[in-house]
Amino acid sequence: MSDAKHRIETTVFYMAKEYKFKAEELESQITTLTQKGITELSVTDEKVSRDKNKLLRLMKLVAQHAPEVYVSFLAEAAVIDREVIAAASNLFCSFDIPLVCTQKGGHLLFDKKFYANKARLLNEAGLVFGFQLTYATVPGDSQKLFMERLDFAVQQYPNHIDFPQTESEEYEAKVSGTFSAADIRYCRDTAFACRTFYTSGRAVPWFLSVLKPLRIYPSRFFSDFAEWQRVNNCSYKSGFVPEGENHKSIEKMQLLFLDEKYEEKHCHNLITLVHDIVGINGAMSRLAGENEESTIETSYHPDDLLGPEALDLTAFAEDVCMEHCTVKIFSNGEYPDYEVK
């Protein structure tokens, strides 16, 4: 879903049906969500996103009348505090947080410490959140600054990173003295690559650990993947829609590209491990997302692949013994589980 910059309505999706509520109608409509058969609610009203009290009131209503509905809240980072997090802990929900720059003394500033603290609170509470990034929309922005924001965003372990400019024409990038047309195209393609590889690829559990042996920044990795997409006719300009692909297709793309990067960086000995980590996490995500049980083959034991050892692939390969396993991924009735057959 894409959100218009000044949208004041809330969109709800349920299978083929779509309901749109005006902001002033939303509170009264929450009591009807279950009756309408609605399972997902996206709250994109900017007045709610900036007003902690309005946000808390909505969250309380959802908890009372539609606790089984998945709700995505657009929320400015300033409203995220322990009270909001406590309320969110009672819901099936996530937050979409815009990463915003400010002008000060003629310079564009991005407060990393501020956003890192908000992300830490959310991660500590085990809540799902994502970031929204834009480029070339405010004076003084540049390709370098956008790439720095992207690198920062990935380091906070967001569940997803959205780029409205690759999803909606309502967000316009403007050529300026610090942002050329070529820069805009470069950032657009890099953003689309992140949207494909990281978000649609559900890469958050393993991305940073798999990136570490390559010794490159996330933004450079996504820029390289953008070139791979162009060569393989699945780039932004080709009309490719990552959200329209099944996850297994995206996973194949991820592994093909990772094979190339690991070969390029002379990390051949880690390729088997990378395939195992991407494969088992992907299977787990499909069980959670599509209720798809599966059986996969791994070269290492799943306890190690899903344990803290997998945070450092180089040390893992040196310290953990290979052990061929046939792993069944299934639901035990409460949460995803696995067993070695």
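F197, Y198, W206, F207, F221, F222, F225, W228 and F257 come together as one aromatic cluster. This is a predicted model, where local features need pLDDT of at least 70, side-chain atom pairs count only at pLDDT 80 or more, and totals for chains, interfaces and linings use all residues. Residues are numbered from 1 along each chain as its sequence is written, and side-chain values use heavy atoms, with hydrogens and water left out.

A quick word on the pairing rule: rings of Phe, Tyr and Trp (its six-membered ring) pair if their centres lie within 6.5 Å, with planes under 30 degrees apart called stacked, over 60 edge-to-face and the rest tilted. The count by that rule is 23 aromatic pairs. Here are two of them, both involving F257.

| Pair | Centre to centre | Angle between planes | Class |
|---|---|---|---|
| F197 and F257 | 6.5 Å | 75 degrees | edge-to-face |
| F221 and F257 | 5.1 Å | 75 degrees | edge-to-face |

F197 sits in helix α8 (residues 181-200) and F257 in helix α11 (residues 247-264), so their pair ties together parts 60 residues apart in sequence. F221 belongs to helix α10 (residues 218-231), so its pair with F257 in helix α11 links parts that are 36 residues apart in sequence. Helices here are DSSP runs (H or I, at least four residues), numbered from the N terminus.

Definitions and conventions:
Helices (H or I, at least four residues) and strands (E, at least two) are DSSP runs, numbered from the N terminus.
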